[in-house]
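The following note sets out several points for a colleague who is reviewing the model. Each point may be checked against the coordinates.

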Amino acid sequence: MVIGFLIRSGLVVGAVYYSKKLGVWGTPEQSEKFYNCVKSQLRPHVQTLEKQLPFEVPALPQTGEMRFLAKHYYNQGVKNTFHFIEMLPCYAGQMAKKAKDTFNDFAQPPKSTN
């Protein structure tokens, strides 16, 4: 168990170190350079795969689009998280009422079907 944990931890640390070395976690310019490099390396493979698929694969987004989408979905995630936190007392009250009603139903003797 400990050895498995150490192996998994080593893999995670190695992946983070390697991705940092490639520039994923660096400055925005390094990240953009890495993204464009990966995009250019994947393009031939995607083109051969597109020929084999019966449907059309959309193009990879441009860097500006990628930034916009990342910001947009991050903001949506934050908004939805705070909305959930805001509604949590309401959800807890509804769940408590349903639990109370269910326990009351179980406490009632069964009705005869004559």
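Helices here are DSSP runs of H or I with at least four residues, numbered from the N terminus. The model discussed is a predicted one.

1. Asp101 and Lys97 both belong to helix α3, where they stand four residues apart, about one turn of the helix. These two residues form a salt bridge, with their closest N and O atoms 2.9 Å apart. Asp101 has a relative accessibility of 31% and counts as partly exposed, whereas Lys97, at 52%, counts as exposed.

2. A search of the whole structure returns two salt bridges. One of them joins the side chains of Glu32 and Arg67, at 3.1 Å from N to O. Because Glu32 lies in helix α2 (residues 28–52) and Arg67 in helix α3, the pair ties together parts that are 35 residues apart in sequence. Glu32 is partly exposed, with a relative accessible area of 29%; Arg67 is also partly exposed, at 42%.

3. Domain arrangement. The protein chain is divided into domain 1 (1–52) and domain 2 (62–106). Taken over C-alpha atoms, the centres of domain 1 and domain 2 are separated by 31 Å. How many residues of each domain are in contact with the other? Four residues of domain 1 are in contact with four residues of domain 2.

4. Helix α1. This helix covers residues 2–22, and its 21 residues should span 30 Å at 1.5 Å a residue; the end C-alpha atoms are 30 Å apart, which agrees. Is helix α1 largely buried or in the open? Of its 21 residues, the number buried is one, so α1 lies largely in the open. The cut-off behind this reading is that buried means under 20% relative accessible area. Just after α1, Gly23 adopts a positive phi of about 110 degrees.

5. Nonpolar surface patch. Which residues form a nonpolar patch on the surface? The patch consists of Tyr74, Val78, Phe82, Phe84, Ile85, Leu88 and Tyr91, and together these residues have about 720 Å² of accessible area. Phe84 is located in helix α3 (residues 63–107). With a relative accessibility of 46%, Phe84 counts as partly exposed, because that class lies between the limits of 20% for buried and 50% for exposed.

Notes: Residues numbered from 1 in each chain as written. Predicted model: local features only at pLDDT ≥ 70, side-chain atom pairs only at ≥ 80, totals over all residues. Heavy atoms only, no water. Patch = residues over 30% accessible without salt bridge, like charges linked within 9 Å, V, L, I, M, F, W, Y side chains within 5 Å. Areas by Shrake-Rupley, 256 points an atom, 1.4 Å probe, with all protein chains shown as cover. Salt bridge = Lys/Arg side-chain N within 4 Å of Asp/Glu carboxyl O. Helix = DSSP H or I, 4+ residues; strand = E, 2+ residues; numbered from the N terminus. Buried < 20%, exposed > 50% of the residue type's maximum accessible area, 1.4 Å probe, protein only. Expected span 1.5 Å × (residues − 1). Domains from an automatic or database assignment. Contact = heavy atoms within 4.5 Å.
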